[in-house]
Amino acid sequence: MNFSAISGYLGMFWDGFLVTASVSALSIAGSFIIGVIVAFGAVSRRPFLRKAARGYIGLFRNIPFIVQVFFFYFGLPEIGVYIDAFTTGTMALSIAVGAYAADVLRSGIENVDTGVIEAAEVSGLSRFKIYRRIILPIALRVSLRPLGSVFINLVLTTSILSTITLNELTGNAKIVASDTFRPFEVYFFLLLFYCVLTYLLSLLINLWHRRLNRFMRGAE
């Protein structure tokens with residue numbers, strides 16, 4: 001092993017790390033927001049909303065992500081819609097992973113005790129406040145760990161964005177490997193960077209889970 005051969009490229013690795021971290025953070029936020037909206041739609045009392053939400057979940061869970069990102073990046077320009085690689089990656093990940101997040105949250109919402117919801121309705125709370133203050137926190141309590149796995153998979157999926165010329169971790173690693181002819185050292189560093197990202201995310205998920213459960217125990 002000769003790590004000194006790639007020491008001059010550490011800046012490229014760091015730049016790629018920052019791009020991957022930025023795309024991941026924005027996509028996690030976007031997919032969570034989409035997931036919450038679609039999950040509530042999937043359990044709505046209105047048949048149209050319920051069918052539309054479940055159709056969204058079924059559609060995007062059954063299309064390979066690389067096909068989705070190619071459609072946005074290479075397909076949309078054919079009809080005059082041009083989006084840069086960073087925005088395309090963030091948007092495609094948010095939409096695709098939002099379907100998985102919605103399915104996880106839907107399961108959590110459906111497990112909320114109906115007695116709790118009925119008590120909140122009797123107390124006069126609006127439907128929006130019931131969803132925001134009661135149903136969502138309780139659903140997150142049981143859904144957060146599987147949701148964390150979805151988000152970790154999102155981070156790993158960012159590597160596909162190198163196929164649309166985005167210079168994230170994997171994209172920059174390919175450039176360094178072709179310049180140095182040291183694929184072992186290059187991809188060893190790549191493994192480390194992804195491990196750091198996913199480990200940090202898992203720590204944040206665990207911290208959120210502990211705080212949420214402490215809050216819920218206090219409420220009980």
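# Helices and rings: a guided visit

Guide: Welcome! In helix 2 (residues 47–61) you will find both Tyr56 and Phe60, four residues apart, about one turn of the helix. The model is predicted, and its residues are numbered from 1 along each chain as the sequence is written. Local features need pLDDT of at least 70 and side-chain atom pairs 80 or more, while totals for chains, interfaces and linings use all residues; side-chain values use heavy atoms, without hydrogens and water.

Visitor: What makes a stretch a helix, and how many helices does the chain have?

Guide: Helices are DSSP runs (H or I, at least four residues), strands are E runs of at least two, and both are numbered from the N terminus. By that rule, the chain comes to eight helices and zero strands.

Visitor: Why are Phe17 and Phe193 called an aromatic pair, and which kind is it?

Guide: The structure holds eleven aromatic pairs. Rings of Phe, Tyr and Trp (its six-membered ring) pair if their centres lie within 6.5 Å; planes under 30 degrees apart are stacked, over 60 edge-to-face, and the rest tilted. Phe17 and Phe193 are 5.4 Å apart, centre to centre, with 45° between the planes, and the pair is tilted. Phe17 lies in helix 1 (residues 10–42) and Phe193 in helix 8 (residues 183–219), so the pair ties together parts 176 residues apart in sequence.

Visitor: How do you know whether Trp208 is buried, partly exposed or exposed?

Guide: Trp208, in helix 8, has a relative accessible area of 33%, so it is partly exposed. Leaving aside neighbours within four places in sequence, Trp208 is in contact (heavy atoms within 4.5 Å) with Phe32, Leu140 and Leu144.

Visitor: Why are helix 4 and helix 6 called roughly antiparallel?

Guide: Helix 4 (residues 85–110) and helix 6 (residues 127–157) pack at about 150°, with their axes 8 Å apart. Axes are lines fitted to C-alpha atoms, for helices over the stretch in contact, and angles run from 0 to 180 degrees between N-to-C directions. Under 35 degrees counts as roughly parallel, over 145 as roughly antiparallel, 65 to 115 as roughly perpendicular, and the rest as oblique. Helix 4 and helix 6 are therefore roughly antiparallel.

Visitor: What kinds of residue make up the contact of helix 4 with helix 6?

Guide: That contact has 16 nonpolar, three polar and no charged residues. Ala, Val, Leu, Ile, Met, Phe, Trp, Tyr, Cys and Pro count as nonpolar, Asp, Glu, Lys and Arg as charged, and the others, Gly among them, as polar. Residues from helix 4 include Leu93 and Tyr100, and those from helix 6 include Pro146 and Phe151.

Visitor: How do you know the arrangement of helix 5 and helix 6?

Guide: Helix 5 (residues 114–122) packs on helix 6 at about 150°, with axes 10 Å apart. Helix 5 and helix 6 are therefore roughly antiparallel. Their contact divides into seven nonpolar, no polar and two charged residues.

How values were computed: Buried < 20%, exposed > 50% of the residue type's maximum accessible area, 1.4 Å probe, protein only.
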